[in-house]
Every structure is written in structure tokens, then in C-alpha cells.
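Colleague: I'm new to this one, could you walk me through it? I'd like to know how its chains come together.

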Amino acid sequence: MEEKNLSKNESLELIARMIKETRNSMERGGGNIYLLWGYLWLVVALTIYGLLLYTGDYRATWLWFAMPLVGYPVMYFMLKNRKRRATTFVEAVISKIWIVIGVCALLLSLFMFVNHNAFPIMFIMALLINAGVAMSGLVIKFKPTIIAGFVGILLSFSLLLIPGINQILVFAAFSVIMLIIPGHILNAASRKAIAAGLDATESSSKSNKVSNV
Amino acid sequence: MFKELDPLLHSQLRLAVMSLLISLEEADFVYLREKSGATAGNLSVQLEKLAQAQYIEVDKGYSGKRPRTTCRITPAGRAAFEVYVDALRSYTE
């Protein structure tokens with residue numbers, strides 16, 4: 001870009017063009033973080049269910065702590081290795097939403113050591129995480145994630161009605177509805193959008209005939 | 001009454017950088033160079049001027065082993081940009 005005197009109209013045109021440039025920032029594999037947590041959640045939940053079913057040893061539930069212990073280091077590694085050159089406000093907002101949800105989830109889990117009957121942990125966790133998925137979907141205006149989040153919020157209440165360890169099976173199913181399916185759809189949309197030079201959420205909205213919220 | 005345009009912003013490359021940063025949380029040097037189409041040398045000089053005026057913050061760090069310069073707009077920069085856009089509007093209205 002050469003330095004030259006700008007007319008007023010050229011200034012306005014330049015501002016508009018540069019702001020538009022920042023919209024095409026969706027990167028390939030944007031759904032990978034969803035997939036990491038989704039598959040990790042599914043494997044841990046099914047393992048706990050299997051152990052409880054066959055051994056009856058309640059200490060199997062301590063395996064829930066494998067999620068943050070495995071998930072956070074892997075996520076840190078994934079974020080560190082991606083070639084990110086700019087962070088949009090949307091990405092910053094989503095990251096802050098999940099930091100708050102992560103802190104709440106950790107405190108809720110730790111409180112179980114104080115009093116494991118204090119609250120229905122499966123229900124509270126599912127509601128909290130589904131709320132995060134719905135908020136993220138609304139912020140990025142991505143219909144599959146919005147639907148997954150709100151369906152998840154609704155289904156969370158089923159955990160108050162289902163007795164015993166079957167709750168864990170429903171909890172495992174949430175990982176598929178809320179994270180694995182939207183993660184794969186988001187990756188497919190971002191591949192398609194990058195190929196077409198569009199914003200992924202825009203591309204998905206067009207293909208799903210969704211208007212922006 | 002026409003408002004005076006901020007000379008620091010009324011320059012093609014500096015305005016391009018500020019317009020990119022106004023819509024982002026942060027961006028690195030390579031991103032700004034690619035989007036603005038500027039040369040690395042020219043961009044460095046203009047970023048320095050914007051940083052001296054405290055319109056942007058420049059953080060020289062590392063991404064893994066590679067050096068990475070990250071820029072973000074400051075509240076003063078955001079305010080100056082808004083004043084500049086208002087001044088432009090006074091000309092076009």
C-alpha cells in the first residue's frame with residue numbers, strides 16, 4: 001500500500017473495505033475444540049457407566065476429573081499450534097464464556113467432595129454446559145449450535161427424572177448432541193467457506209437458509 | 001462547520017491498520033501486512049507512529065520459537081478513530 005493523500009470518500013471506502021476484510025476470519029478446523037471435548041466426554045461417560053455397571057465401585061465417578069486433566073492440556077496444545085493471526089471480538093467473547101463455565105463446572109465438581117448430595121450434579125452440569133453451547137451458537141450465529149444448545153437445555157431436565165446410573169447414559173448422549181454433531185457440521189462449513197472465500201457462519205446460514213439472529 | 005481530520009489517521013496505511021484493529025480483539029504483524037497489502041518496512045514505521053501516539057499497543061512476543069508482534073487498539077485509539085469518522089461524516093453530509 002503506497003502512501004498518498006486520501007480524499008474523504010477514499011477514506012470511507014478504505015475503512016469499509018478493511019472492516020469487511022476482518023469478517024473472513026473463520027479458520028479451517030474451527031470445530032475441533034468441540035470435537036475434542038465431545039469425544040472425551042463420550043469416552044469418559046461410557047467408561048464410568050461400564051465400570052459402575054460391572055464393579056459397582058462408586059470411585060469410578062472420580063474418572064470425571066480425567067476430562068479437565070486430559071482436555072485442558074490437549075486444548076492448550078491445539079490452540080498453541082494453530083496459525084492464528086487475528087482474534088475477533090466474537091472469538092474473544094466465546095473464549096470468556098467458556099472460561100466462566102469451566103470455573104463454575106470445576107467448583108461444582110469439587111463441592112461434591114464436601115457434600116455429594118448437595119445438588120443433582122448431572123443436571124446442573126448438563127444445564128450449565130448446554131447454556132454455554134447455546135450462548136456460543138447465538139454469538140457466532142451458527143444454527144446447528146443454537147439448536148443443539150437449546151435442545152440440550154430442554155433435555156437436561158430429563159436428568160431429574162431418570163434414576164440411578166442411567167443418568168450417565170443420557171449425559172453421554174449430550175456430548176453427541178451438543179458437541180460432536182455441531183463440531184462436525186462447523187468443520188464442514190468452515191471447509192466449504194474457506195473454499196468459497198466466505199465466512200463459515202455465513203456459508204452455513206446460506207446453505208441452511210437461516211437468517212442471522 | 002467542517003471538523004479537522006486527525007493527520008495521524010488521515011494516511012492510507014495508518015487508516016487501514018486502525019480500521020482493521022477497530023474490528024478485532026488483536027492482530028499480528030503478518031495479518032496486518034497481508035490485509036493492508038503494505039511492505040513490512042513501511043508497516044513497521046506506521047505501527048511505530050501509531051504506538052507513539054498511544055493509538056495502538058504493540059506486543060513483541062513469541063509464538064512457539066518464532067517472534068510474533070501483536071497489535072491491539074487502545075481506548076485512546078478507538079476514541080480518535082470515532083472522532084475521525086465523525087469528521088469525515090461532516091464533510092460528506
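**A sheet across two chains**

Modeller: Happy to, and please keep in mind that this is a predicted model. Let's start inside chain B: β1(B) pairs with strand β3 (residues 66-73) of chain B in the antiparallel sense, over two bridges.

Colleague: Which residue in β1(B) is the bridge partner of T87(A)?

Modeller: Here the pairing crosses from one chain to the other. Strand β1 (residues 86-88) of chain A runs antiparallel to β1(B), and three bridges join them. Within β1(B), the partner of T87(A) is E26(B).

Colleague: What is the order of the strands in the open sheet?

Modeller: The sheet has four strands with antiparallel pairing, in the order β1(A)-β1(B)-β3(B)-β2(B). Two of them pair on one side only, so look for the edge strands: β1 of chain A and β2 (56-63) of chain B. Ignoring direction, neighbouring strands in this sheet are turned against each other by an average of 20 degrees. To repeat the order you asked for, it is β1(A)-β1(B)-β3(B)-β2(B).

Colleague: How much area do chain B and chain A bury between them?

Modeller: The size of an interface is often given as the accessible area lost when the parts come together. On the contact side, 32 residues of chain B touch 24 residues of chain A. In chain B, Q12(B), E25(B) and K35(B) lose the most area to chain A, together 24% of what that side buries. Of the total, 61% is on carbon and sulfur atoms, and that total is about 2,700 Å².

Colleague: Which side chain of chain A meets E25(B) in a salt bridge?

Modeller: Side chains of opposite charge can pair when their charged atoms come close. At 3.7 Å, N to O, the partner is K96(A).

Colleague: How many nonpolar residues are on the side of chain B that touches chain A?

Modeller: The elements that give two or more residues to that side are α1 (12-22), β1 (24-28), α2 (29-36) and α4 (75-92) of chain B. By class, this side has nine polar and seven charged residues, and the nonpolar count is 16.

Note on methods. Residues numbered from 1 in each chain as written. Chains lettered and ligands numbered in written order. Predicted model: local features only at pLDDT ≥ 70, side-chain atom pairs only at ≥ 80, totals over all residues. Heavy atoms only, no water. Contact = heavy atoms within 4.5 Å. Buried area = accessible area lost by both parts, 1.4 Å probe. Salt bridge = Lys/Arg side-chain N within 4 Å of Asp/Glu carboxyl O. Nonpolar A, V, L, I, M, F, W, Y, C, P; charged D, E, K, R; others polar. Axes fitted to C-alpha atoms, helices over the stretch in contact; angles between N-to-C directions.
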